Amino acid sequence: RATILVYRLVRLDVLAEVPLRNYVSRRLRQGMRWPAAAGLHFECFFYGNRVILRRLLGARKMLESEKRFLVEWGDCDPAGIVFYPRYLEWFDACTTGLFATAGIPISTVFKAYGVIGAPLVDLKARFLVPSMFGDELLVRSGVQELRRSSFLIRHQFFKGETLAVEGIETRVWTGSDPSSPGRMKSRPLPAEVIERFSNPRGSAS
């Protein structure tokens with residue numbers, strides 16, 4: 001049975017399935033990268049008997065969502081600016097909103113795939129402009145990168161037209177470890193989740 005290569009055509013923005021011979025599958029497994037005929041580079045990873053191919057070179061818009069926050073008095077520290085741990089709470093809320101925009105709400109998607117969740121394993125943040133009581137912040141959240149079992153989400157907080165805060169989360173699709181009860185183990189991202197996050201139109205398509 002031929003391995004199935006699943007990829008998104010960048011220009012046509014549709015999914016296509018192309019059967020590959022076994023030797024191609026072995027090449028992908030060895031190098032994890034495969035140049036397309038046009039000279040473009042892709043990152044490949046495996047999901048069951050499917051090879052998921054993602055373009056590396058050339059920007060292609062992925063899923064984004066927006067959320068607004070009004071800075072309340074309780075969000076601020078004694079200096080009158082937003083207390084930085086509050087942003088971590090807002091990052092999490094925006095990630096929940098991104099899943100909802102994708103049409104795979106957190107309240108149901110983890111149970112549907114039999115996983116524990118997508119815990120945060122790494123976080124980077126830049127605090128560029130302080131926000132104060134009464135400020136309204138617009139947050140744009142988007143999928144920045146999809147990997148075999150992890151994904152990166154970028155949150156950008158705008159104060160008017162000015163970028164005030166930027167955070168990048170790394171989360172891992174995680175389930176129970178069958179070989180070690182009570183422990184967790186990463187699992188490959190489901191094909192549906194990859195497709196939803198790769199679609200800039202979200203659940204509307």
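Modeller: Gladly! Keep in mind that this is a predicted model. Let us start with E192, which is partly exposed because its relative accessibility is 30%, and partly exposed lies between under 20% for buried and over 50% for exposed.

Biologist: Which residue forms a salt bridge with E192?

Modeller: That partner is R196, and the closest N and O atoms are 3.5 Å apart. Both residues lie in helix α4, four residues apart, which is about one turn of the helix. R196 is partly exposed too, at 27% relative accessibility.

Biologist: How many salt bridges does the structure hold?

Modeller: There are twelve. One of them joins R140 to E66, with 3.1 Å between the closest N and O atoms. R140 lies in strand β7 (residues 136–146) and E66 in strand β5, so this pair ties together parts that are 74 residues apart in sequence. E66 counts as exposed at 54% relative accessibility, while R140 is partly exposed at 32%. R140 also lies over the face of F158, 5.0 Å from the ring centre.

Biologist: Where do K159 and D135, another salt-bridge pair, lie in the chain?

Modeller: Their side chains meet at 3.2 Å, N to O. K159 is in strand β8 and D135 in the loop between β6 (120–127) and β7, 24 residues apart. D135 counts as buried because its relative accessibility is 18%, under the 20% cut-off. K159, at 26%, is partly exposed. Salt bridges can also form a network, as they do for D75, R86 and E89.

Biologist: What describes a pair of aromatic rings?

Modeller: The distance of the centres and the angle of the planes. A search of the whole structure finds 15 aromatic pairs here. Among them, F99 and F110 are edge-to-face, with 6.0 Å from centre to centre and 65° between the planes. The pair links distant parts of the chain, F99 being in helix α2 and F110 in helix α3 (residues 106–112), eleven residues apart.

Biologist: Are F99 and F110 buried or exposed?

Modeller: Both are buried. For F151 and F197, the ring centres are 5.6 Å apart and the planes are at 50°, so that pair is tilted. F151 lies in strand β8 (residues 150–159) and F197 in helix α4 (residues 191–197), 46 residues apart. F151 and F197 are both buried.

Biologist: Which residues form a nonpolar patch on the surface?

Modeller: F83, Y84 and F127, with about 340 Å² of accessible area together. F83 lies in the loop between β5 (64–70) and α2 (85–101), and it is partly exposed at 41% relative accessibility. F127 also belongs to a cluster linked by ring pairs, together with F69, Y87, W90, F91 and F157.

Key:
Residues numbered from 1 in each chain as written. Predicted model: local features only at pLDDT ≥ 70, side-chain atom pairs only at ≥ 80, totals over all residues. Heavy atoms only, no water. Patch = residues over 30% accessible without salt bridge, like charges linked within 9 Å, V, L, I, M, F, W, Y side chains within 5 Å. Areas by Shrake-Rupley, 256 points an atom, 1.4 Å probe, with all protein chains shown as cover. Salt bridge = Lys/Arg side-chain N within 4 Å of Asp/Glu carboxyl O. Helix = DSSP H or I, 4+ residues; strand = E, 2+ residues; numbered from the N terminus. Buried < 20%, exposed > 50% of the residue type's maximum accessible area, 1.4 Å probe, protein only. Phe/Tyr/Trp six-rings, centres within 6.5 Å; stacked < 30°, edge-to-face > 60°. Lys NZ or Arg CZ within 6 Å of the ring centre and 35° of its normal.
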